[in-house]
Amino acid sequence: MLEMERSQQYIPTRRFAVADQLRNPRRAFFRHGWAFLALPLAGCSSALLSTPGPREEKTADILPTEYLMYEHGILSRVLLIYEESLRRMGEGRDFPVDSLASASKIVRNFIEDFHQKLEEEFVFPRFRKERRFVETVNALELQHKAGRKLTDTITRLAAARDLEVPGNRLELARSVEQFVRLYRPHAAREDTVVFPALRGLVTPREFRLMGEEFEKRGEELYGYTGFYRVVDQVAGLERKFGIFNLAELLPEQAS
Ligand SMILES: [Fe+2]
Ligand SMILES: [Fe+2]
């Protein structure tokens, strides 16, 4: 029931995406619509120029924990934006508050309404069923709920464009700081404890089916290459904050 066609990946491998389009570009265009057009914008233009060999079409399945950790990468990059906002608020400097609002919407749509739902529906119950790390997963789920309240506040205040109102800037800074403090350890604990342990709680078949279900959910919500689209959105926000270019983040003596 969870079997699906490889072409429906929401995190397609670059090789596969290219192979699919080159094999039947018309079909790929109508089947995947905007996503096909968006591929060059998603950084795939160089890949489109290289013709893959037949063997390159075969790629390893993405593991369910791999999906979740990729998604944590999105969260981590949003936290960088939050931290940069905090730094500028602390220094009394301006910052692109609209972009902070956009970052909080990515948290709501992608992290809270998608990624965390996968954890709550498929991952945490396995631990409770096997009586493993129950306290940890219960605490993680409570953190999801607390995070949602903070996101409500951040989205409201960042969208209000009313940071000159006394107290609003302080409340925004406090909420952003609390969110970062909540989610740095949250994601780190999942990456190092929960996700590695999950493999030992399910059979290889269940593990594979879980990965296929995650893929299906991602495809339904975000479409073909949807993951890369969200990555692009976050990258655009990083540019607005001037934190995208990694070379510029080198310490002075190293540049
Ligand atoms: Fe989580
Ligand atoms: Fe997570």
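In this predicted model, Ile-81 is in contact with Leu-100, Ala-103, Leu-237, Glu-238 and Phe-241, its neighbours within four places in sequence being left aside. Ile-81 belongs to helix α5. With 25 other C-beta atoms within 10 Å, Ile-81 is buried, the cut-off for that class being 20 or more.

Two packed helices are described by the angle between their axes and the distance between the axes.

| Helix pair | Crossing angle | Axis distance | Handedness |
|---|---|---|---|
| α5 (residues 64-90) and α6 (residues 97-129) | roughly 150° | within 10 Å | left-handed |
| α6 and α10 | about 155° | 10 Å | left-handed |

Angles over 145 degrees count as roughly antiparallel. Helices α5 and α6, crossing at roughly 150°, are therefore roughly antiparallel to each other. On the α5 side, the contact is made by Leu-68, Glu-71, Ile-74, Leu-75, Val-78, Ile-81, Tyr-82 and Ser-85. The residues of α6 in this contact include Leu-100, Ala-103, Ile-106, Val-107 and Phe-110. Sorted by class, the contact of α5 with α6 has 13 nonpolar, 2 polar and 2 charged residues.

Helices α6 and α10 pack at an angle of about 155°, which makes α6 roughly antiparallel to α10. Here α6 contributes Ser-99, Ser-102, Ala-103, Ile-106 and Phe-110, while α10 contributes Val-230, Gln-233, Val-234, Leu-237, Lys-240 and Phe-241. By class, the contact of α6 with α10 has 7 nonpolar, 3 polar and 1 charged residues.

In soluble globular proteins, nonpolar side chains tend to be buried together. The largest nonpolar core of this model has 31 residues, of which Val-78, Ile-81, Tyr-82, Ala-103, Ile-154, Ala-158 and Phe-179 touch the most other members. At least two residues of this core come from each of α5, α6, α7 (134-160), α8 (168-198), α9 (204-222) and α10 (226-241). Tyr-82, with its neighbours within four places in sequence left aside, is in contact with Ala-103, Val-176, Phe-179 and Val-180.

Methods: Residues numbered from 1 in each chain as written. Chains lettered and ligands numbered in written order. Predicted model: local features only at pLDDT ≥ 70, side-chain atom pairs only at ≥ 80, totals over all residues. Axes fitted to C-alpha atoms, helices over the stretch in contact; angles between N-to-C directions. Helix = DSSP H or I, 4+ residues; strand = E, 2+ residues; numbered from the N terminus. Parallel < 35°, antiparallel > 145°, perpendicular 65-115°, else oblique. Left-handed = near helix turned anticlockwise from the far one by under 90°. Contact = placed C-beta atoms within 7 Å. Nonpolar A, V, L, I, M, F, W, Y, C, P; charged D, E, K, R; others polar. Core = buried A, V, L, I, M, F, W, Y, C linked by C-beta atoms within 7 Å. Buried ≥ 20, exposed ≤ 12 C-beta atoms within 10 Å, placed from the backbone.
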